[in-house]
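Some notes on the two-chain model follow. Please read them beside the coordinates.

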Amino acid sequence: MNINATLLGQTLAFVIFVAICWKYVWPPIIAIMEEREKRIADGLEAAKKADDSLEEAQLAFDQEMNKAKEQAAEILEKANSRASQIVNDATEKAEVEAGKILSSASKTIENDVNKAKEELRQKMSELIIDTSEKILGNEISPEKHQELLKKAAAEL
Amino acid sequence: MASASGEQTSAEYIQHHLTNLVCGKTPDGWTCDHNAVDQMGFLAFHVDSLGWSIFLGFVFVALFRFGIPKLSTEAPSGIQNFVEMCIEFVNDNVQSIFTSAKNNLIGPMALTVLVWVFLMNLMDLVPVDYLPTLAGQVAEATGMVEDSKDSYFKVVPTTDPNITLGMALAVFVLIIFYSIKIKGLKGFLAELTLHPFGKWMMPVNLVLEGVNLIAKPISLGLRLFGNLYAGEMIFILIALMLTFSSISIGLLGVGLHLIWALFHILILALQAFIFMVLTIVYLAMAHETEDH
């Protein structure tokens, strides 16, 4: 257990190993650890930034959405009023058309009725003349009594 | 174990385990002969403790520098994780003690001290007879000694006061170096002489502060040595139980060895940590410039 030059040898070894550690062991690992620390800090900052921009985007999105909703409501309203207008127009047209058809139909009917009346009158006058001829013989000829017959036909 | 010490008495067995392999200068020149140890002066080396110490130093460098195949920022491998954990632990300690001053030598030195001393302490867990017996066989086979019992081989470097005081000496030199560098020679001398009692009591102050200063490396080295020496001694005593021919004592010895080894793991790490923290604290004190 005596003290001898081993002590100085160990001191020298200590100095050498500390120097090796100081120059070659410590710096690369510390550098790596600091770089990692920096990366993590950067990452956190970036995440925070992304968070902020997400919030901004959300805000912008909400605004756009509201605008779009308003527009949609406006468009819908316009479309509704346009639709009711179209329906009104169509109804009006149809009514006019219906009136036209109705009036032309009633005119036709009137014409037909007049025609039928005219025919009926003709037939009637012929029948009367025929009958009168038979009763009176040949005394009365259509040629002789043309004027009379016409009068009768007009009275019928 | 019994075979290695069959003809030894217990006292011889213990003595054998506590003796270093010494190479030194005798009046007849350099020799590693154990019988010439008494003739060696200061110029002698404990080849075993110094050899293990340097070997373990290289183990430290190899593990921390070359053990990592590729340093990675994103996906550190297992060894890199371990190394980073150690460095972070050391760095936290250094930064909590070195609050004002900055010195980028302290971190690497503290790391070296922690890991190196821990590795040296760890040799204590190798069963006490393995390596000495192996060394004895080698020495006998290579003809260095006649009988393997004449070869001495002490494995745990930190049970050698030369080793622990050697490191303490380096720390002491650094304390003085940084004291003078930071405070100036005048400031350092003033610190030694002007308190606690003021300048009219200079000699008394010098004695008090001188003891204070010298006590740092001495206590630093002897604390580590004492703890490890005591631990080693208990391992040797437990190993001695196995040399008795009684099976029950042998079994008791095995159990005790296990218990002591488990408990000793704590001491090994703790002493390495204490050595590191005290090194940092002493150097931090050397950096302090404020007046007391």
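1. UniProt, in an unreviewed entry, annotates "transmembrane region" at residues 50-68, 105-123, 163-180, 233-252 and 258-284 of chain B. UniProt positions follow the numbering used here, feature names are shortened, and annotations may be inferred rather than shown by experiment. Residues 163-180 of chain B are 100% helix and 0% strand, with end C-alpha atoms 26 Å apart. Residues 258-284 of chain B are also 100% helix and 0% strand, and their end C-alpha atoms lie 39 Å apart. Helices (H or I, at least four residues) and strands (E, at least two) are DSSP runs, numbered from the N terminus.

2. A word on provenance. This is a predicted model: local features need pLDDT of at least 70, side-chain atom pairs count only at pLDDT 80 or more, and totals for chains, interfaces and linings use all residues. Residues are numbered from 1 along each chain as its sequence is written, and chains are lettered from A and ligands numbered from 1 in the order in which they are written.

3. Chain A has two helices and zero strands. Its C-alpha trace spans about 190 × 25 × 25 Å along the principal axes. The radius of gyration of chain A is 61 Å, whereas a compact globule of 156 residues would have one near 15 Å. That radius is taken over C-alpha atoms, and the globule rule is 2.2 Å times the number of residues to the power 0.38. Of the 156 residues of chain A, 8% count as buried. Buried requires 20 or more other C-beta atoms within 10 Å of the residue's own, exposed 12 or fewer, and partly exposed falls in between, with C-beta atoms placed from the backbone.

4. The unreviewed UniProt entry lists "coiled-coil region" for residues 47-130 of chain A. In the model this span is 100% helix and 0% strand, and its end C-alpha atoms are 120 Å apart.

5. What does each chain bring to the contact? Chain A gives 29 residues and chain B gives 35 residues. Contact means C-beta atoms, placed from the backbone, within 7 Å. On the chain A side, 21 residues are nonpolar, five polar and three charged. Here Ala, Val, Leu, Ile, Met, Phe, Trp, Tyr, Cys and Pro count as nonpolar, Asp, Glu, Lys and Arg as charged, and the others, Gly among them, as polar.

6. The largest nonpolar core has 66 residues. Such a core is a set of buried Ala, Val, Leu, Ile, Met, Phe, Trp, Tyr and Cys residues joined through C-beta atoms within 7 Å. Helix 1 (6-136) of chain A is among the elements giving two or more residues to this core. Helix 4 of chain B supplies the largest share, 12 residues. Ala110(B) is one of the residues with the most contacts inside the core. Beyond four places in sequence, Ala110(B) contacts Val90(B), Asn93(B), Val94(B), Met276(B), Thr279(B) and Ile280(B).

7. Leu268(B) sits in helix 8 of chain B. Why is Leu268(B) counted as buried? Because 24 other C-beta atoms lie within 10 Å. Not counting residues up to four places away, Leu268(B) touches Phe118(B), Asn121(B), Leu122(B) and Asp124(B).

8. Strand 1 (residues 22-26) of chain B pairs antiparallel with strand 3 of chain B over three bridges; pairing needs at least two DSSP bridges. Val22(B) stands opposite His46(B) in strand 3 of chain B. A hairpin through two residues joins strand 1 of chain B to strand 2 of chain B.

Notes:
Two residues are in contact if their C-beta atoms, placed from the backbone, lie within 7 Å.
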